Amino acid sequence: TLIDSGADALELGFPFSDPPADGPVIQAADKRALDSGMTIDDCFEVLNNVALRQAQGDKQQVPVGLLVYYNLVLQRGIEKFYADCKTAGVASVLVADLPIEHAEQVCEAAASNDVLTVFMVSELTSNERLEKIAKATTGYIYLVSYVGITGVKDAVLEEKVGAQISRIKKFTDLPVM
């Protein structure tokens with residue numbers, strides 16, 4: 001429905017039992033999905049169905065990005081996870097709890113399967129770390145516009161976000177989302 005309604009992109013997540021970067025709304029959705037028996041195989045089946053439907057349609061392809069947790073990638077096997085992403089037409093993967101210092105295997109598996117890497121930065125990210133993230137990112141930089149958890153409403157100052165985007169752009173020409 002989102003694709004049929006003109007969405008430019010989709011960001012989907014796989015349910016995880018302990019999502020530290022997500023707020024109560026997403027945590028509750030994860031719990032409902034897991035309680036109903038949803039598995040990683042089921043998630044890839046949904047992705048494969050989205051890819052198949054897009055291939056059969058006459059509209060422009062909509063890129064699908066995943067936001068997942070590292071335990072799910074490890075549990076499936078890093079190479080298999082990214083191979084399955086490629087098969088399912090996934091454009092990019094953001095592993096929310098994967099520090100850049102430990103991302104080499106993931107970056108290699110993503111590259112060998114034509115899946116873009118996405119990493120997060122925030123106002124707390126040092127310039128030294130930001131430089132490492134910019135070098136390892138092949139998709140876009142995910143800017144955490146305020147420090148906290150997702151799904152919690154809070155005022156975000158345009159000036160503050162604008163300053164962060166300007167800082168990031170000193171290290172990369174990639175899009176900042």
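Modeller: In this predicted model, Asp114 sits in the loop that runs between α5 (104-112) and β4 (116-121). The backbone of Asp114 has a positive phi of about 60°, although Asp114 is not a glycine. Most residues other than glycine have a negative phi. Asp114 has a relative accessible area of 59%, so this residue counts as exposed; the cut-off for that word is over 50%.

Now the aromatic rings. A pair of such rings is described by two values, the distance of the centres and the angle of the planes. The structure holds 5 aromatic pairs. One of them joins Phe44 and Phe81, with 5.5 Å centre to centre and 75° between the planes, which makes it edge-to-face. Phe44 belongs to helix α2 (residues 40-56) and Phe81 to helix α4 (residues 78-87), so this pair ties together parts that are 37 residues apart in sequence. Phe44 counts as buried because its relative accessibility is 4%. For Phe81 the relative accessibility is 0%, so Phe81 counts as buried too. Phe81 also forms an edge-to-face pair with Tyr82, at 5.4 Å centre to centre and 70° between the planes. Both Phe81 and Tyr82 are buried. Phe14, Phe44, Phe81 and Tyr82 form one aromatic cluster.

In soluble globular proteins, nonpolar side chains tend to be buried together. Here the largest nonpolar core has 48 residues, and those touching the most other members are Phe14, Leu66, Phe81, Tyr82 and Val93. What is Phe81 in contact with, leaving aside its neighbours within four places in sequence? The partners are Phe14, Phe44, Leu66, Val68, Leu72, Val73, Arg76 and Val93.

Last, the empty space. Rolling a probe the size of a water molecule over the atoms shows where such space is left. The second largest pocket contains about 290 Å³ of space. Its lining is made of 14 residues, and Thr1, Ile3, Asp4, Val50 and Arg53 are the ones nearest the centre of the pocket. At least two residues of this lining come from β1 (10-13), and at least two from α2. Helix α2 gives the largest share, 4 residues; α2 is also the helix that holds Phe44. By type, the lining of the second largest pocket divides into 5 nonpolar, 5 polar and 4 charged residues.

Note on methods
Residues are numbered from 1 along each chain as its sequence is written. This is a predicted model: local features need pLDDT of at least 70, side-chain atom pairs count only at pLDDT 80 or more; totals for chains, interfaces and linings use all residues. Side-chain values use heavy atoms; hydrogens and water are left out. Rings of Phe, Tyr and Trp (its six-membered ring) pair if their centres lie within 6.5 Å; planes under 30 degrees apart count as stacked, over 60 as edge-to-face and the rest as tilted. Buried means under 20% relative accessible area, exposed over 50%, partly exposed in between (1.4 Å probe, protein chains only). A nonpolar core is a set of buried Ala, Val, Leu, Ile, Met, Phe, Trp, Tyr and Cys residues joined through side-chain atoms within 4.5 Å. Contact means heavy atoms within 4.5 Å. On a 1 Å grid over the protein atoms alone, a cavity is a set of points where a 1.4 Å probe fits but cannot get out, and a pocket is an open set with protein on both sides within 12 Å along at least five of seven lines; lining residues have an atom within 4 Å of a point. Grid points are joined across faces, edges and corners, and a volume is the space filled by probe spheres set on the points. Ala, Val, Leu, Ile, Met, Phe, Trp, Tyr, Cys and Pro count as nonpolar, Asp, Glu, Lys and Arg as charged, and the others, Gly among them, as polar.
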